[in-house]
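Please open the model in your viewer and keep the selection panel at hand. The stops below can be followed in order.

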Amino acid sequence: MSTKTLAFITAKLCFTGAVLWYLSTKVDFKQSFELILSADVVNVMLAVLVLSAAAFLSAWRWQKVCASLGLHESFKFFLKYLYMGLWFNQVLPGGIGGDAVRAYAVRRRFGKGKGGITSVLFERGAGFIALLVLIGFCTPAAFHMLPQGNWLPWFFILCGLTGSVGFVVLLCLNKVTVLKRYKLTNVFVELSDNANIVFWHDKKLALFILVSSFFVQLSGVACYYFLAKSVESAISFIDLAVIIPPTFLLLLVPVSPAGWGLREGAVVGMFVLTGLLSAEKALAISVMYGVFTLLYALPGGLTLFGTPAPSSESK
């Protein structure tokens, strides 16, 4: 392990430790732990089922994206490597290790390096766009839930507008002929061509990707909803649809291992700011969510044993 990598991992661990230490000065950890131990089993199982359904839907979406790029394989192939990706996202310090594993699997199978990277980029990008739209759609409610003068709703609007503009620019890059003259910029033209194939030319495919991406994002909200019910919290799904998506957006910043610490700070902060839940219940819900994301990624770790590298296919 290089010195740079070790320093990066150490910095992330220090950040997580600092956030958890700060929370320990504001939140009764013992009460949160007792809430976790007394959580309702039925609602906990429903939360796990929702997360599992999201994984299957994500694998199906990835399969559809690859098929539109001429990369055809069974649903089992995509589900297996999706779970492997989820596992590596949990255990590797970089936060994007799972995406690299998935891109490598497609490259090994089809012999197309760009196809592997592009398929994962678009599959993840579709989820990101859906997340931004969901945040933007729920922002008006955030103005009423957060204290007057709070800047967070405006930040949500900025994120939504930035993501939307960026997506439109990507679709239009292949129209800029000057970019095709140079090898470096032509990469973006090729990416734009593929984006138009996936998100524009086939309207049924684009609709499927959009709808499935919304369902995946809402499944995360539903998981928090069932976990909140498991600790006897009377909070509506609509309220959670306003509060939780921004925390998903924040977790894209790779400053902590698997989001630990950052997720707890964000969730506790949002619930306390809105006054919907006590800090102790918010922390309990966030910790349970973190544990469940690790457990539902466990099949990806188990499939590593005895799984050969995907066989290549000449094209």
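The tour goes from a helix to the core, then to the charged pairs and a surface patch.

This is a predicted model, in which local features need pLDDT of at least 70 and side-chain atom pairs count only at pLDDT 80 or more, while totals for chains, interfaces and linings use all residues. Residues are numbered from 1 along each chain as its sequence is written, and side-chain values use heavy atoms, with hydrogens and water left out.

Select residues 41-68 to show helix H3, which has 28 residues and reaches 41 Å from its first C-alpha to its last, close to the 40 Å expected at 1.5 Å a residue. Helices here are DSSP runs of H or I with at least four residues, numbered from the N terminus, and the expected span is 1.5 Å times one less than the number of residues. Gly70, which follows H3, has a positive phi, near 85°.

Next, select Trp62, Ile209, Leu227, Ile244 and Phe271, the residues with the most contacts inside the largest nonpolar core, which has 84 residues. Such a core is a set of buried Ala, Val, Leu, Ile, Met, Phe, Trp, Tyr and Cys residues joined through side-chain atoms within 4.5 Å; buried means under 20% relative accessible area, exposed over 50%, and partly exposed in between, with a 1.4 Å probe and protein chains only. Centre on Leu227, which touches Ala47, Ile285, Met288, Tyr289 and Phe292, not counting residues up to four places away in sequence, where contact means heavy atoms within 4.5 Å.

Now turn to Asp99, whose side chain meets that of Arg102 in a salt bridge (3.6 Å, N to O), a term for a side-chain nitrogen of Lys or Arg within 4 Å of a carboxyl oxygen of Asp or Glu. The two residues are three apart in helix H5 (residues 97-110), and therefore separated by about one helical turn. Arg102 is buried at 4% relative accessible area, and Asp99 is buried at 14%.

Arg124 is partly exposed, at 38%.

Finally, select Leu207, Leu210, Val211 and Phe215, which form a nonpolar patch on the surface with about 380 Å² of accessible area together. Nonpolar patches join Val, Leu, Ile, Met, Phe, Trp and Tyr side chains within 5 Å, from residues with over 30% relative accessible area and no salt bridge, and areas come from the Shrake-Rupley method with a 1.4 Å probe. Leu210 lies in helix H9 (residues 203-230) and counts as partly exposed because its relative accessibility is 40%.

Terms used: Patches are made of residues with over 30% relative accessible area and no salt bridge: like charges are joined within 9 Å, nonpolar side chains (Val, Leu, Ile, Met, Phe, Trp, Tyr) within 5 Å.
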